[in-house]
Amino acid sequence: MIYKRTLHNYLLRELFSLFLVSILIFMFIILMTRMVGMAEMIITHRLPAGPVFSIFLSLVPKSFLYALPPACLMCSLLTFLRLSSDNEMIALQASGISLYQ
């Protein structure tokens, strides 16, 4: 059963690397849309940057929760797309390993 452990490690490595990239991209998109409103507050109301920056940092956990579902979807789709394009899915099926394990 060493092949299962090797296969699981390989798939988790692929998923985790793409997950980190996709979570960073989605968080960047979410936080930059919020940053436009923050920049407007700084410019129009002449607020100091310190409190606005602390408000911006308090938005990071909430934006992580919003970015988590699309990042999971993106990383799983890209992982299986890459496995399919490199014909690794066919090799797994030909070796007798079920796709649903």
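Is R46 buried or exposed? In this predicted model, R46 is exposed, with a relative accessible area of 73%.

**S22, a buried serine**
- You will find S22 in helix 1, which covers residues 2–45.
- S22 counts as buried because its relative accessibility is 5%, and the cut-off for buried is under 20%.
- A polar atom of the S22 side chain lies 3.1 Å from the backbone oxygen of F19.
- Once neighbours within four places in sequence are set aside, S22 is in contact with A71, M74 and C75.

- R46 belongs to the loop between helix 1 and helix 2, the latter being residues 49–58.
- The phi angle of R46 is near 55 degrees, a positive value in a residue other than glycine.
- R46 is called exposed because its relative accessible area is 73%, and exposed means over 50%.

- N87 sits in the loop between helix 3 (60–85) and helix 4 (88–94).
- For N87, phi is near 60 degrees, and this is a positive value in a residue other than glycine.
- With 46% relative accessibility, N87 counts as partly exposed, since that class lies between the buried cut-off of under 20% and the exposed cut-off of over 50%.

Key: Residues are numbered from 1 along each chain as its sequence is written. This is a predicted model: local features need pLDDT of at least 70, side-chain atom pairs count only at pLDDT 80 or more; totals for chains, interfaces and linings use all residues. Side-chain values use heavy atoms; hydrogens and water are left out. Helices (H or I, at least four residues) and strands (E, at least two) are DSSP runs, numbered from the N terminus. Buried means under 20% relative accessible area, exposed over 50%, partly exposed in between (1.4 Å probe, protein chains only). A polar contact is a pair of N or O atoms within 3.5 Å; within protein, one must be able to donate a hydrogen and the other to accept it, and residues adjacent in sequence count only if both atoms are side-chain atoms. Contact means heavy atoms within 4.5 Å.
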